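Please examine the sequence and the model before reading on.

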Amino acid sequence: MEKNKLGFWVLTALVVGNMVGSGIFMLPRSLAEVASPGGTILAWVLTGVGVLLIALVFGNLSLRKPDLTGGPQIYAKALFKPGSNAGILSGYLVSWGYWVANFTGNVAIITTFTGYLSTFFPILTSKADLFTIGNYTMHVGNLLTFLICSALLWFLHFVILKGVEGAGKLNLIATAAKIAGFFLFIVVTLFAFEKSNIFPLVTPITDESGHAVSLWGQVNSAAIATLWAFVGVESAVVFSSRAKKRSDIKKATITGLLLATFIYLVITVLVMGALSHGKLIKSQKPLVDALESAIGPSGGYILGALAVISLFGATIGWILLSAEVPFQAEKQGLFIKAFGKTNKHGAPVTSLIITNLATQLFIFSTISASISSAFDFVIFVATLAFLVPYLISTVYQLKLTLTGETYENQPKSRVVDGVIAALATLYSLWVIKAGTADMKTFLFGVGLLVMGIFFYPLVPKQGNKGNLNR
């Protein structure tokens, strides 16, 4: 049914909308804690180039393997022999980890939405005591944040149940509005830019132990945080089975990536120039504070409105993506059977319900944690989980170029794609190494994958379902 398919602009909006979500509003503060301006800029450039390589891999695979739909996790099964238990287990575990990363990442977006909503409703940050149970005290702001986060989640749940295409168009409108708003932000904030806040580019940074961190060490620390900004570049690939044209997938991925990269890099530099380092690392709403420094208190309300619109659209896109991942994996025989059910509008109803219930459980963390601390924790764990399917996608592309599969009589394309895949693989390995240096984060990420083993018996053992390797 062509009328229910997603076109180029809707796919591009999903890429931009999912990439330019919570990260744009909170990352300037997170990056200032671990890197000097020079380290931050280098991290953005390296991440942008690395993710561009991964995006090219996604685009190539979408054209060369059109039967592999549903997202990068699908390639985990294709690495093994058709119908093998190793292929099914690999595909399932990667799909599981990718799905968990999606719905936990949703918490960062939804809580950031509420954080910027406090611009208009300061009571959301109130520390007034509501009640006390034992050693725990419930604050007014924490309870209201929890209630609003929950209301947003379930409102969009029912919107999506009316159809993926309609929700995608709503995301397109929100994305167009926020892009226009960000360009306005860039122009206005130029007037508040202070060179003294950003120069010298390389300044001393100390770790928790008080040791000085080198420039490369700063880049390493910032790499995971900047990669969080690019998570979502695979959005068009995840919805490949719903695309009107296969060629739109690659074009939407590259277009969305380039636009998002420009927005991120320019806005990060402007925020660092508008706010002193000390003020930036303490800010709960760095973009609001930057705009206020340019045009006064009214800037906070303008940016607050932009943030609410932006994060509303990003929440739509990420809830769509989170439910689509296990739904598509089930169609390929890689996930629990119940996740494959759709309603009369074609929406993945069971997957959507279970995904949002899981998200709701994580939203309970907002009752006791601040917006910034919840954001920092989630982006590290979720980003590492996203890296596994990214890495597998690049390895699968590398395998195709080495074996020559799909490259018959195309020696030049084979060499070019092989170089791109090799570099993308090296980049993915580098970021994984940088992120797993912290043992606590590493063990938590591994724990999320291990949990999936308990549900593996519920996956139908149909080795040929989806005919992935035809």
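How many of the 28 residues of α3 are buried? The count is 20, so α3 is largely enclosed by the rest of the structure. This helix covers residues 37–64. Its end C-alpha atoms lie 40 Å apart, which agrees with the 40 Å that its 28 residues should span at 1.5 Å a residue.

**Model and overall fold**

The model is predicted. Its mean pLDDT over the chain is 80, and 87% of the residues reach 70 or more. Over residues 463–470 the pLDDT stays under 50, and for this stretch the model has 24 contacts beyond four places in sequence.

The chain contains 18 helices and 4 strands. Of its 470 residues, 57% are buried. Among contacts between residues at least 6 apart in sequence, 83% join residues at least 24 apart.

The largest nonpolar core comprises 132 residues. Those with the most contacts inside it are Ile24, Phe25, Phe182, Phe239, Ile267, Leu287 and Leu303. Helix α5, residues 85–117, gives the most to this core, contributing 16 residues.

Of the 33 residues of α5, 29 are buried, so this helix is largely enclosed by the rest of the structure. From its first C-alpha to its last, α5 reaches 48 Å, close to the 48 Å expected at 1.5 Å a residue.

Tyr116 is found in α5. Is Tyr116 buried or exposed? With a relative accessibility of 1%, it counts as buried, because the cut-off for that class is under 20%. Leaving out residues up to four places away in sequence, Tyr116 touches Phe25, Lys285, Pro286, Leu287, Val288, Leu303, Gly304, Ala307, Val308 and Leu311. Tyr116 and Leu311 are 195 residues apart in sequence, yet their C-alpha atoms are 9.2 Å apart in space.

**Aromatic pairs and charges over rings**

A pair of aromatic rings is described by the distance of the centres and the angle of the planes. The structure holds 19 aromatic pairs. Two of them are set out below.

| Pair | Geometry | Centre to centre | Angle between planes |
|---|---|---|---|
| Tyr75 and Tyr396 | stacked | 5.5 Å | 15° |
| Tyr92 and Phe335 | tilted | 5.7 Å | 45° |

Tyr92 and Phe335 are both buried. They also belong to one aromatic cluster, together with Trp96, Trp99, Phe103, Phe339, Phe455 and Tyr456.

The charged end of Arg64 sits over the ring of Tyr407, 3.7 Å from its centre. Lys251 lies over the face of Phe8, at 5.9 Å from the ring centre.

**Helix α15**

Helix α15 has 15 residues and reaches 21 Å from its first C-alpha to its last, close to the 21 Å expected at 1.5 Å a residue. Its buried residues are Val349, Thr350, Ser351, Leu352, Thr355, Asn356, Ala358, Thr359, Gln360 and Ile363.

What covers the buried residues of α15? The covering elements include α5, α6 (140–161) and α14.

Thr350 is found in α15. At 17% relative accessibility, Thr350 counts as buried, because this value falls under the 20% cut-off. Not counting residues up to four places away in sequence, Thr350 touches Ala338 and Lys341.

Notes. Residues numbered from 1 in each chain as written. Predicted model: local features only at pLDDT ≥ 70, side-chain atom pairs only at ≥ 80, totals over all residues. Heavy atoms only, no water. Core = buried A, V, L, I, M, F, W, Y, C linked by side-chain atoms within 4.5 Å. Buried < 20%, exposed > 50% of the residue type's maximum accessible area, 1.4 Å probe, protein only. Helix = DSSP H or I, 4+ residues; strand = E, 2+ residues; numbered from the N terminus. Expected span 1.5 Å × (residues − 1). Contact = heavy atoms within 4.5 Å. pLDDT = per-residue confidence, 0-100. Phe/Tyr/Trp six-rings, centres within 6.5 Å; stacked < 30°, edge-to-face > 60°. Lys NZ or Arg CZ within 6 Å of the ring centre and 35° of its normal.
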